[in-house]
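User: I would like to go through a protein model step by step. Please show it first, and then I will ask my questions.

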Amino acid sequence: MNAIFSRPEIKTLLKGDLKFLWSAKSPFPNDETIRELVAIKVASRDGRAPLDGGAVSSARGDRSVLTNKPEITMQMNPEGAQNEAHDLGKYWQASRNCA
């Protein structure tokens, strides 16, 4: 798959803000040889996530009280919270402009 996606004729068909990543774990507990291929929209010029681990002061895994599905709760440092609020504002404004 990696070879196919790196071919020039395939790259021209895909958007420039699209990045493909393989999952770290198999979706099938009995077969660790299978991985999921995930398409990620890249929002920054350098291809990195706008929120990285440096902005998170603590995180913990738990289960939702409503759905019992796994969820992650994060606390951000002041700089991370300010950046995230700015990004959410941009996304919210962009979604209002599309409606």
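**A conversation about the model**

Analyst: Glutamate 32 is partly exposed, with a relative accessible area of 47%. Please keep in mind that this is a predicted model.

User: Which residue does glutamate 32 meet in a salt bridge?

Analyst: Its partner is arginine 35, and the two side chains meet at 3.8 Å, N to O. Arginine 35 is partly exposed as well, with a relative accessible area of 32%.

User: Why can side chains like these pair up?

Analyst: Side chains that carry opposite charges can pair when their charged atoms come close.

User: How many salt bridges are there?

Analyst: The count comes to 3 salt bridges. One of them joins the side chains of glutamate 9 and arginine 7, at 2.7 Å from N to O. Another is formed by arginine 60 and aspartate 62, whose side chains meet at 2.8 Å, N to O.

User: Are glutamate 9 and arginine 7 buried, exposed or partly exposed?

Analyst: Glutamate 9 has a relative accessibility of 42%, so it counts as partly exposed. Arginine 7 is also partly exposed, with a relative accessible area of 38%.

User: And what about arginine 60 and aspartate 62, buried, exposed or partly exposed?

Analyst: Arginine 60 is partly exposed at 49% relative accessibility.

User: Let us step back. What is the order of the elements in the protein?

Analyst: The protein has 3 helices and 4 strands. Read from the N terminus, the order is α-α-β-β-β-β-α.

User: How much of the protein is buried?

Analyst: Of the 99 residues in the protein, 7% are buried.

User: What share of the contacts joins residues 24 or more positions apart?

Analyst: Among contacts with a separation of 6 or more, such pairs account for 15%.

User: New topic: how do strand 3 and strand 4 run, parallel or antiparallel?

Analyst: Strand 3 and strand 4 run antiparallel, and 7 bridges join them. As an example of the pairing, serine 58 has glutamine 75 in strand 4 as its bridge partner.

User: What lies between the two strands of that hairpin?

Analyst: The hairpin has 6 residues between strand 3 and strand 4. Within this hairpin, asparagine 68 takes a positive phi near 65 degrees. Serine 64 also belongs to the loop there, which lies between strand 3 (56–63) and strand 4 (70–76).

User: Is serine 64 buried or exposed?

Analyst: Serine 64 is buried, because its relative accessible area is 14% and the buried class covers values under 20%.

User: Which backbone atoms lie by its side chain, serine 64 that is?

Analyst: A polar atom of the serine 64 side chain lies 3.1 Å from the backbone nitrogen of leucine 66. The backbone nitrogen of threonine 67 lies 3.2 Å from a polar atom of that side chain. Leaving aside residues up to four places away in sequence, serine 64 touches Lys69 and Glu71.

User: Where is serine 23?

Analyst: Serine 23 sits in the loop between strand 1 (18–22) and strand 2 (37–41). With 18% relative accessibility, serine 23 counts as buried.

User: What does the side chain of serine 23 reach?

Analyst: The side chain of serine 23 reaches the backbone oxygen of lysine 25, at 2.9 Å. Serine 23 also touches Arg35 and Glu36, when residues up to four places away in sequence are not counted.

User: Why is the pair called stacked?

Analyst: The ring planes of phenylalanine 5 and phenylalanine 20 stand at 20 degrees, and planes under 30 degrees apart count as stacked.

User: Where in the chain are the two rings?

Analyst: Phenylalanine 5 is in helix 1 (residues 2–6) and phenylalanine 20 is in strand 1, so the pair links distant parts of the chain, 15 residues apart. Phenylalanine 5 is partly exposed, with a relative accessible area of 22%, and phenylalanine 20 is partly exposed at 27% relative accessibility.

Notes
Residues numbered from 1 in each chain as written. Predicted model: local features only at pLDDT ≥ 70, side-chain atom pairs only at ≥ 80, totals over all residues. Heavy atoms only, no water. Buried < 20%, exposed > 50% of the residue type's maximum accessible area, 1.4 Å probe, protein only. Polar contact = N/O pair within 3.5 Å; in protein donor to acceptor, adjacent residues only side chain to side chain. Contact = heavy atoms within 4.5 Å. Salt bridge = Lys/Arg side-chain N within 4 Å of Asp/Glu carboxyl O. Pairing = 2+ DSSP bridges. Phe/Tyr/Trp six-rings, centres within 6.5 Å; stacked < 30°, edge-to-face > 60°.
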